[in-house]
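Visitor: I have a fold on my screen and would like to learn how to read it. Could you walk me through it?

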Amino acid sequence: MKKIKYIFADMDGVVTDGTVRIDEHGKESKAICFRDLDAIGIGRSAGIEFAFVTGEDTPIAHFMAKRFGVDTAVFGAKDKKAAVEGLLARLGVTAEEICYIGDSARDVPAIELARIGVTVQDGALAARRAADLVTECRGGTGALLELVETILERREL
């Protein structure tokens, strides 16, 4: 069986808690968890790469990808399954070699496509029902790190 080569992750609701703060000038802000930043380095050390698949195409989404050091990303992905299929072709990997983590009903087709489909503890009901794994962490509180650690614990994945 092939090992997981990539984790494809939604951003809002997975590496953030899904909250958008807007100040009186219209400037948005979001919070991220340093444990999820650590997840990237830990995963890469073990041979796992990362890609973001997000419905947002905003300056903050692009900045977050840069902050996480993730160069492979699809922004403005309203059809998550199509975005994942495009990434698979571009990266030369199969659905059997990826894990996808998302939190909303819009993520369900991508969760079902991936060899390992994952959602966060506070993911939408449809996402929790479709997922092979539901993290103990809520979105934005270390769910990506929990996923990386789980994959590494189960090296057969």
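This is a predicted model: local features need pLDDT of at least 70, side-chain atom pairs count only at pLDDT 80 or more; totals for chains, interfaces and linings use all residues.

Visitor: How many bridges join strand 1 to strand 6?
Guide: Two strands count as paired if DSSP finds at least two bridges between them. Strands here are DSSP runs of E with at least two residues, helices are runs of H or I with at least four, and both are numbered from the N terminus. In this case four bridges link strand 1 to strand 6 (residues 98–101), and the two run parallel.

Visitor: Which strand does Tyr6 stand opposite on strand 4's side, and over how many bridges do strands 1 and 4 pair?
Guide: Strand 1 (residues 6–9) pairs with strand 4 in the parallel sense over four bridges. Tyr6 stands opposite Glu49 in strand 4, and Ile7 stands opposite Phe50 in strand 4.

Visitor: Which way do the side chains of strand 1 point?
Guide: The general idea first: in a regular strand the side chains alternate between the two faces of the sheet. In strand 1, Tyr6 and Phe8 point one way, Ile7 and Ala9 point the other way, and all are buried. Buried means under 20% relative accessible area, exposed means over 50%, and partly exposed is in between, with a 1.4 Å probe and protein chains only.

Visitor: And strand 4, is it mostly covered or mostly open?
Guide: Mostly covered: four of the five residues in strand 4 are buried. Strand 4 (residues 49–53) also pairs with strand 5 in the parallel sense, over two bridges. In strand 5, Phe52 has Ala73 as its bridge partner, and Val53 has Val74.

Visitor: What is the strand order of the whole sheet?
Guide: The sheet is open, has six strands with parallel pairing, and reads 5-4-1-6-7-8. Its edges are strand 5 (73–74) and strand 8 (133–134), each pairing on one side only. Along the sequence, the chain goes β-β-β-α-β-α-β-α-β-α-β-α-β-α, which comes to six helices and eight strands.

Visitor: Where does Lys27 lie, and is it buried or exposed?
Guide: Lys27 is in the loop between strand 2 (21–22) and strand 3 (28–29). Lys27 counts as exposed because its relative accessible area is 60%. A contact means heavy atoms within 4.5 Å; not counting residues up to four places away in sequence, Lys27 touches Arg21 and Ile22.

Visitor: What does the radius of gyration say about the chain?
Guide: That radius is taken over C-alpha atoms, and the globule rule is 2.2 Å times the number of residues to the power 0.38. With 157 residues, a compact globule would have a value near 15 Å, so the chain's 14 Å agrees. Buried residues make up 51% of the 157. Of the contacts between residues at least 6 apart in sequence, 54% join residues at least 24 apart.

Notes:
Residues are numbered from 1 along each chain as its sequence is written. Side-chain values use heavy atoms; hydrogens and water are left out.
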